[in-house]
Amino acid sequence: MAALAKDAVIGVIGAGVMGAGIAQVAAAAGHPVLLLDAQPEAIARARADVEKDLQSRVGKGRLAAEEARATLARLQPADWDDLGRCALVVEAIAEDLEAKRTLVARLQQGVGRHCIIATNTSSLSVTAIAAGSHHPERVVGMHFFNPPTRMKLVEVISGVDTSAEAARTVFDTAEAWGKKAATARSTPGFIVNRIARPFYGEAWRVLAESAASPATLDAIVRDCGGFPMGPFELMDLIGHDVNFKVTQSVFEATFGDRRYTPSLAQQELVRAGRLGRKSGRGIYDFRDGAARSQPTVEAGSDPVRRVVAVGSLGIATPIITRLEQAGIDVVRVQGTGAAATAGWLEIGGARLMLTDGRPATRRAAEEGHEHLVLFDLALDYAATPRLGLAPADQCGPAALRTVCATLAKGGFACSPMDDVAGLIVLRIIAMLVNEAADAVAYGICTADAIDDAMRYGVNYPRGPMAWAESVGLDFFARVLANLREHYGGERYRTSVLIQRRGWTRSGFRE
Ligand SMILES: NC(=O)c1ccc[n+]([C@@H]2O[C@H](COP(=O)([O-])OP(=O)(O)OC[C@H]3O[C@@H](n4cnc5c(N)ncnc54)[C@H](O)[C@@H]3O)[C@@H](O)[C@H]2O)c1
């Protein structure tokens, strides 16, 4: 199956924020595009918006003026009667199931036999939208992200009755339009909005435990996790009303799966009208003159000149290299038992180890070492400018200060948190991996589709499956078991695929 030919006519119904962008993408790819809206003035507004965007690209030298003119000329207002010429109609009307069902049924009476009807719904069931129409096999989800002209990902969603042929055509067409397409079955949140839930949910839980300030948590997630934004600053940008609604809809659509439990604190923010940037206040204060919140950094004191590395630090080994490059003498001692694979650094009287999902206080008691400090997971220990740390309650303040001052020599800004299980980056990544493994286990999408969706849809630096493969499923299985033991309940239950330690990258149960 191939993408639709360039001269195939594309219809776009609903000329709002999304419809205008989708129409622009299709027209830029060379298609004649017919634009319809219940409100005629919406079409003129959409065309003006498209023209403005094209002009700005021309102004920046990214688009030839002739190309811009041709793209705009291909985008025409239309009537219902014109739709018979379309090979694909994308609907981007209001997010209302009944309105979309009525529209699809009406469209199928006017379009040709082979026309595919795509819905840009972000939260409704594609199966439900298609149900009751004459040809549910030709109804497909084509979920663009906002703004469609700039966001690379398109989720291609199959309802129960969607034909493989229709889904394939939409997939290939999206790719021909310069997008990265990822396929999934119709399921609450599709790929991105479902897999991303722990990014917000775990951050709220860690904040609820008063482990650190939002600015500190954001800085650790950004600097250590490599995410473009921390969870709180991102929610302030998205809007807490929108973000809360998505979480709530996934929670309700999964019959109250505890894993997606919305945050009470976020609900309170919404009730207070603190919606984020758009209302001037959310987690942070954006009003004129408001001070910008800064992450906590412990500069420490009394750095040591000699550190003992016991066993292997595994993925965190570059910490040793950075300390050595800073002129610190690192003495390596072979570890036995657990230390062989999960070693530590002796810094002064303190022991510094990677978190495994157990709180430092408990681990200090179990390992019989009171001055224990855990550090958080990082995307790249050779480059991270920061480390999140959690000292055990038994750890003396002087021991922590020595650890921080010594790490500072290696270029690590140390941001201590209260002792919370799994700190913040590991906690988020472990739950993203868990969520992703479940999506594959339930046949929602492939491992490849998940990594593509998260990298291109929300700019994650590394997809959850790639995280699992680089750090190892044994580690994540242990972390999730530790979190479950610590918190109880079903939130941290381990996906069957993590228990079975694997998946195939492109295996897809259709
Ligand atoms: N805004 C986003 O960030 C975003 C992202 C992804 C998907 N979506 C989805 O895209 C769809 C559109 O969202 P939007 O933000 O562009 O909305 P919008 O309100 O900006 O635009 C909707 C347009 O549809 C028109 N319309 C409504 N009912 C109609 C009907 N029955 N027939 C013809 N036209 C009709 C309205 O006049 C309006 O111009 C929704 O399903 C939404 O969930 C939105």
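Here is a friendly conversation about a predicted model, its ligand and some of its charged side chains.

Trainee: What should I know before I start?

Mentor: This is a predicted model, in which local features need pLDDT of at least 70, side-chain atom pairs count only at pLDDT 80 or more, and totals for chains, interfaces and linings use all residues. Residues are numbered from 1 along each chain as its sequence is written, and side-chain values use heavy atoms, with hydrogens and water left out.

Trainee: Which residues come nearest to the ligand?

Mentor: A residue counts as near if one of its heavy atoms lies within 4 Å of the molecule. There are 20 residues around the ligand, and those that come nearest are Met 18, Asp 37, Glu 95, Lys 100 and Asn 120.

Trainee: How far is the polar side-chain atom of Asn 120 from an oxygen atom of the ligand?

Mentor: A polar contact is a pair of N or O atoms within 3.5 Å; within protein, one must be able to donate a hydrogen and the other to accept it, and residues adjacent in sequence count only if both atoms are side-chain atoms. Met 18 uses a backbone N or O atom, 2.8 Å from a ligand oxygen. For Asn 120, the distance is 2.9 Å.

Trainee: What percentage of the ligand's accessible area does the protein cover?

Mentor: Accessible areas come from the Shrake-Rupley method with a 1.4 Å probe, and for residues, only the protein chains shown count as cover. On its own, the ligand has 830 Å² of accessible area, and the share that the protein covers is 72%.

Trainee: Which residue forms a salt bridge with Asp 53?

Mentor: A salt bridge is a side-chain nitrogen of Lys or Arg within 4 Å of a carboxyl oxygen of Asp or Glu. Helices (H or I, at least four residues) and strands (E, at least two) are DSSP runs, numbered from the N terminus. With the closest N and O atoms 2.8 Å apart, the partner is Arg 57.

Trainee: Is Asp 53 buried or exposed?

Mentor: Buried means under 20% relative accessible area, exposed over 50%, and partly exposed in between (1.4 Å probe, protein chains only). Arg 57 is partly exposed at 22%. Because its relative accessibility is 15%, Asp 53 counts as buried.

Trainee: Where does Glu 367, the partner of Arg 351, lie?

Mentor: Arg 351 and Glu 367 form a salt bridge, with their closest N and O atoms 3.7 Å apart. This pair links distant parts of the chain, 16 residues apart: Arg 351 is in strand 12 (residues 350–354), and Glu 367 is in helix 14 (residues 360–367).

Trainee: Which side chain of opposite charge is nearest to Asp 236?

Mentor: Lys and Arg count as positive and Asp and Glu as negative, while His and the chain ends are not counted. Asp 236, in helix 10 (residues 231–238), is buried yet has no salt bridge. Its side chain does reach the backbone nitrogen of Ile 283 at 2.9 Å and that of Tyr 284 at 3.0 Å. The nearest side chain of opposite charge, 6.7 Å away, is Arg 277.
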